[in-house]
Amino acid sequence: MAIGETSISESAGRDFIRDIIAADLDSKRSSKVVTRFPPEPNGYLHIGHAKSICLNFGVAEEFGGRCHLRFDDTNPTKEEQEYIDAIKADVRWLGFDWGEHLYHASDHFEQLYTWGQHLIRAGKAYVDDQTQEDMRATRGTLTEPGRNSPYRDRKVEENLDLFARMRAGEFPNGARVLRAKIDMASGNINLRDPALYRILHASHPRTGTAWSIYPSYDFAHGQSDAIEGITHSICTLEFEDHRPLYDWFLDNLPVPSRPRQYEFARLNLSYALLSKRVLTELVKGGHVEGWDDPRMPTLAGLRRRGVPPEAIRDFIKRIGVAKANSVVDIGMLEFSIREVLNATAQRRMAVLRPLKVTIENYSQGEGEELEAVNHPEDTAAGTRRIRFGREIYIERDDFMETPEKKFFRLAPGREVRLRYAYFITCRETIKNAAGEVVELRCSYDPATRGGNAPDGRKVKGTIHWVSAADAVPAHVRLYNPLFTRPDPSASEFAKDINPQSCELLTDCRIEPSMATWEHPVQFERQGYFCRDRSSAPGGLVFNRTLGLRDTYAKITAIPATGGKTG
RNA sequence: UGGGGGAUAGUUCAACGGUAGAACAUCGGACUCUGACUCCGAGAAUCUUGGUUCGAAUCCAGGUCCCCCAGCCA
């Protein structure tokens with residue numbers, strides 16, 4: 001079921017946020033539901049944001065309301081147009097639509113300024129000339145109260161004048177700040193006269209140089225919610241102790257509506273770091289190739305990796321919403337990815353590490369065409385013709401000179417099935433000077449054409465292959481987790497970076513039809529792959545989205561993300 | 001030692017005073033022209049101590065542990 005098809009009855013009570021909304025609708029405290037997704041355009045969206053997006057847009061859809069996309073662009077020193085564009089593209093890709101409801105905190109700058117004056121006139125805000133150091137020193141500590149600023153009792157007229165001159169750009173950065181006058185002794189540090197406006201001579205992506213002062217998050221967020229008619233302002237846990245301040249502004253300003261803030265626990269994923277600071281450093285420090293590097297947990301990275309948006313939505317639905325901090329096993333995400341890809345990706349054959357096989361009793365001629373099904377669980381996907389010939393490539397891992405007990409693929413003297421083709425038996429092993437196996441000499445049974453023996457005999461293994469004469473070369477990138485630990489250090493992430501997070505294979509052979517294939521594909525017995533955007537004619541590049549579950553390989557060192565390494 | 005939150009299988013969530021349930025993971029087994037998929041089965045939890053109640057994961061009291069807050073970041 002698509003996310004938008006969830007009915008209210010099914011969704012009611014699915015989590016505490018939906019419980020609250022259902023109750024508000026029930027008690028008529030709200031007559032509609034309006035939510036918002038409020039990213040700051042200072043980086044790319046990651047899968048943690050997907051949780052918020054799915055929650056906010058999902059809830060709005062389920063309850064027949066709407067969800068706004070609002071850029072929290074109150075700090076021009078960190079925000080860029082590139083991020084604004086990328087965020088829009090990512091939200092759309094995930095499958096959500098804000099319609100006409102695109103907003104920016106900067107749309108409300110003029111109103112916010114007016115409200116700053118309003119607080120001044122009410123004696124509830126003042127311009128403070130203290131230095132940043134002084135403010136820090138007088139704020140107190142977690143256990144000691146702060147001290148009032150010597151500028152706290154400035155006259156209204158003087159405050160108004162100074163505030164206007166701050167706006168006019170008369171003072172340098174940091175010279176003064178507009179502060180709310182609340183309580184320097186509050187146990188909640190957010191209430192110790194928080195800054196409302198700071199002087200920032202910086203060019204803003206939308207307002208350019210029109211402003212020399214910019215509102216703080218606290219002063220902008222709730223009021224923007226009120227202006228837009230947001231009913232339920234859903235944010236993460238770290239804003240919980242900002243809620244009294246959020247409410248204080250709404251109580252002390254003539255706002256047009258009364259939104260409420262609710263907080264949920266952000267997403268954490270094992271073997272990953274979901275913080276914009278870390279992701280930004282990974283990009284700027286050159287640890288990855290960019291925001292859309294397939295190893296990144298960004299939506300852009302997941303997209304390039306080949307992860308379908310449906311899989312992300314399914315994953316988010318599965319993990320639920322609560323207030324307890326938690327770390328979700330990356331295996332959960334992988335399950336959702338396989339679930340979607342198994343159902344949608346067509347099957348093809350590709351040999352990643354080729355081992356040449358010559359079928360000695362097969363004619364030297366042109367070869368032949370065999371039929372292969374495109375999707376075993378979806379007959380509508382049809383079939384395709386694949387070339388077979390005397391020389392083929394099989395996977396190096398599918399041959400073992402001295403097979404271990406559980407190995408039931410090819411070995412000297414052993415018979416296996418070539419998928420959709422014939423049974424072959426290994427007759428001889430060719431080695432190079434170093435003693436490495438470089439070629440296999442096999443025989444085939446013409447009676448097994450298509451893959452079944454008329455005499456009813458069975459083989460234990462079926463392996464994939466490609467025709468040596470017809471397969472096209474390709475590069476394939478195998479990905480493993482970016483970090484070596486399930487709980488990488490956010491403060492010293494560099495030491496936990498996995499040096500083997502990307503393995504490039506340069507001698508792969510794939511079915512010719514793949515040259516122009518644009519969809520996710522399963523290379524049989526190996527995993528799900530997608531064409532990388534760096535592919536060029538004659539230079540195909542595939543990314544492995546995820547390996548198939550592999551109960552034989554049993555890699556224990558690092559989780560299955562990216563599948564087996566060898 | 002201030003203020004605000006949170007503790008249920010290995011993990012993530014349910015259970016809203018009335019039989020602690022699901023998904024993922026794990027371990028068995030079946031099926032299979034993908035060691036995939038699918039199917040069947042198993043093990044596995046209420047932080048702790050009291051109290052209220054016929055009955056407590058849920059209500060009350062005390063304790064323990066974990067997370068967030070001292071930006072002119074969001």
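The sulfur of Cys508 sits 12 Å from the closest cysteine sulfur, that of Cys502, which is too far for a bond. Cys508 is also buried, because its relative accessible area is 0%. The model described here is predicted.

**Cysteines**

A disulfide is a covalent bond between the sulfur atoms of two cysteines. How many disulfides does the count give? The count comes to zero. Cys235 is in no disulfide, and the nearest cysteine sulfur, in Cys67, is 14 Å away. The cut-off for a pair is 2.5 Å. Is Cys235 buried or exposed? Cys235 has 10% relative accessibility, so this residue counts as buried.

**Domains**

The domain assignment divides chain A into domain 1, residues 3-269, and domain 2, residues 348-470. Their centres, taken over C-alpha atoms, are 62 Å apart.

Of the atoms of RNA strand B within 4 Å of the protein, 62% belong to sugar or phosphate. The rest belong to bases.

| Protein residue and part | Part of RNA strand B | Distance |
|---|---|---|
| Asp72, polar side-chain atom | sugar or linking oxygen | 3.5 Å |
| Asp241, side-chain N or O atom | base nitrogen | 2.9 Å |
| Arg525, polar backbone atom | base oxygen | 2.8 Å |

Which gives the largest share? H13 does, with four residues.

**His464**

Where is His464 in the chain? His464 lies in the loop between strand E19 (462-463) and strand E20 (465-467). Is His464 buried or exposed? His464 counts as buried, because its relative accessibility is 2%.

Leaving aside neighbours within four places in sequence, His464 is in contact with residues from several stretches of sequence. Among them are Met349, Ala350 and Val351. Tyr393, Ile394, Glu395 and Asp398 are also in contact with His464. Cys530 is 66 residues from His464 in sequence, and their C-alpha atoms are 19 Å apart.

**Asp292**

Asp292 is in the loop between helix H10 (276-284) and helix H11 (299-305). At 18% relative accessibility, Asp292 counts as buried, because buried means under 20%.

Which side chains make polar contacts with the side chain of Asp292? One is the side chain of Arg304, at 3.3 Å. Another is the side chain of Arg533, at 2.5 Å. Not counting residues up to four places away in sequence, Asp292 touches Thr298, Ala300, Gly301, Arg304 and Arg533.

Note on methods. Residues are numbered from 1 along each chain as its sequence is written. Chains are lettered from A and ligands numbered from 1 in the order in which they are written. This is a predicted model: local features need pLDDT of at least 70, side-chain atom pairs count only at pLDDT 80 or more; totals for chains, interfaces and linings use all residues. Side-chain values use heavy atoms; hydrogens and water are left out. Domain bounds come from an automatic or database domain assignment. A residue is near a molecule or strand if one of its heavy atoms lies within 4 Å of it. A polar contact is a pair of N or O atoms within 3.5 Å; within protein, one must be able to donate a hydrogen and the other to accept it, and residues adjacent in sequence count only if both atoms are side-chain atoms. Helices (H or I, at least four residues) and strands (E, at least two) are DSSP runs, numbered from the N terminus. Buried means under 20% relative accessible area, exposed over 50%, partly exposed in between (1.4 Å probe, protein chains only). Contact means heavy atoms within 4.5 Å.
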